[in-house]
Amino acid sequence: MSFFGATTSTTAASTAADKDVEVAEPPTDSISSVSFSPQADYLAVGSWDNSVRIYEVGPQGQTQGKAMYQHQGPVLDVCWNTDGTKIFSGGADNAGRMFDVTTGQATQVAQHDAPIKVVGWVNAPQAGVLATGSWDKTIKYWDLRTPNPVATVTLPERCYTFDIQYPLMVVGTAERHIQIYNLNSPNTVFKNLTSPLKWQTRVVSCFTASQNSGFAIGSVEGRVAIQYVEDKDSSNNFSFKCHRRDSVPNSKDQAMVFAVNDISFHPVHGTFSTCGSDGTIHFWDKDARTRLKTFEAAPGPISTTAFNRNGTLFAYAISYDWSKGHSGMTPGHPNKLMLHQCKDEEVRKRNRK
């Protein structure tokens, strides 16, 4: 049984995607990661074509390509620093790179023994540092003023995902390990747990700073778990099904199961989105346990999503998500970057039941 009531009828499941704006000159291969600047409407986009592209987004969603830099392998994740002057990216070339927006220069700032799956900026009070998580089963912290990592944490398995809401960092690895860190002591695990979901972790995403400390986990089997860090809040933990379809329309068997590829929290309201291999996007209110909106965005997978800094724009990529491996990468696969203008009723919290 789903914890979220189906508040959207199928007619409302909506033609919103028809009005969304397609970004001109998207990457030429699968889009792995999108990230908005925390200071202005600039969008960084990482792709399997080895590039990071930066677009300026206008008030009506019109876009203009501003810059591009390269890795020597597919780019797997991108993020910004707090003041919006630098973009960081990690790739299958085992390298972490930094692009300086003011100078237009890209430099290598991190190195692992295997692909860097995820990058995140730690906005620590003294000086910000870059965190990189790799399939070499480590997380490394980099002070950009020195060439070597300032600390290395060994993980129980390959790093698939992490998210940071300082001082909280939540890491998801292979074999369903979830590790919680307090970044005031970044080398020590604050809490270890096994994912409450039965299948491989695809994404973890921290609640916004205004909420009790916690995070959402998405898995390959079309489920999301809401988890609180403190034991006193554990009665609020729950999980629910999403990104599932009936094998025959209206059969109510939900036999077709799709990966949850990304979870993005709204920066103002604390509601969140999920996107999946089924080509749908849902907006949710975890406190009211309600689905706020559904839209059928694409015939193919939605690989990644992001809200802009004030939650008025929502970017999503219609792109192959590698959930079926190399054999699923068929010629002519759609590869689009889309911008959706958020209406308040889509993302605002509902009254609790």
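## Cysteines

Cys79 is buried, with a relative accessible area of 9%; buried means under 20% relative accessible area, exposed over 50%, and partly exposed in between, using a 1.4 Å probe and protein chains only. This is a predicted model, in which local features need pLDDT of at least 70 and side-chain atom pairs count only at pLDDT 80 or more, while totals for chains, interfaces and linings use all residues. Residues are numbered from 1 along each chain as its sequence is written, and side-chain values use heavy atoms, with hydrogens and water left out.

The structure holds zero disulfides, a disulfide being a pair of cysteine sulfur atoms within 2.5 Å. Cys79 is in no disulfide, and its nearest cysteine sulfur, that of Cys159, is 13 Å away. Cys206 is likewise in no disulfide, with the sulfur of Cys159 as the nearest one at 13 Å. Cys206 counts as buried at 3% relative accessibility.

## Annotated regions

In the model, residues 34-122 are 0% helix and 63% strand, and the end C-alpha atoms are 18 Å apart. Helices (H or I, at least four residues) and strands (E, at least two) are DSSP runs, numbered from the N terminus. Residues 260-294 are 63% strand and 0% helix, with 14 Å between the end C-alpha atoms.

β6 is joined to β7 (residues 86-91) by five bridges, and the two run antiparallel. Within this pair, Val78 has Ser89 in β7 as its bridge partner.

Another open sheet has four strands in the order β24-β25-β26-β27, again with antiparallel pairing. Its edge strands are β24 (260-265) and β27 (290-296), each pairing on one side only. Neighbouring strands here are turned by 20° against each other on average, direction ignored. Inside the sheet, β25 (residues 272-276) and β26 (residues 280-285) pair in the antiparallel sense over four bridges. Ser273 has Phe283 in β26 as its bridge partner.

Strand β20 (residues 223-228) is mostly covered, with five of its six residues buried. Five bridges join it to β19 (residues 214-219), and these two strands run antiparallel. In this pair, Phe215 stands opposite Gln227. β19 and β20 form a hairpin with three residues between them, and Gly222 in the turn has a positive phi of about 65°.

β20 also pairs with β21 (residues 238-241), in the antiparallel sense and over four bridges. Arg223 has Lys241 in β21 as its bridge partner.

## Strands from both ends of the numbering

Strand β1 (residues 21-22) is joined to β30 (residues 336-341) by two bridges, and the strands run antiparallel. Glu22 stands opposite Met338 in β30. β30 pairs with β29 (residues 313-318) as well, in the antiparallel sense over six bridges. There, Phe314 has His340 as its bridge partner.

## Nonpolar cores

A nonpolar core is a set of buried Ala, Val, Leu, Ile, Met, Phe, Trp, Tyr and Cys residues joined through side-chain atoms within 4.5 Å. The largest core has 17 residues, of which Ile139, Tyr141, Phe162, Met169 and Val171 touch the most other members. At least two residues of this core come from each of β10 (116-122), β11 (129-134), β12 (138-142), β13 (151-154), β14 (159-165) and β15 (168-173). β14 provides the largest share, three residues.

Leaving aside neighbours within four places in sequence, Phe162 is in contact with residues including Val118, Ala131, Ile139, Val171 and Val204; contact means heavy atoms within 4.5 Å. A second, separate core of 15 residues includes Leu292, Phe307, Tyr316 and Val347.

Key. Pairing = 2+ DSSP bridges. Axes fitted to C-alpha atoms, helices over the stretch in contact; angles between N-to-C directions.
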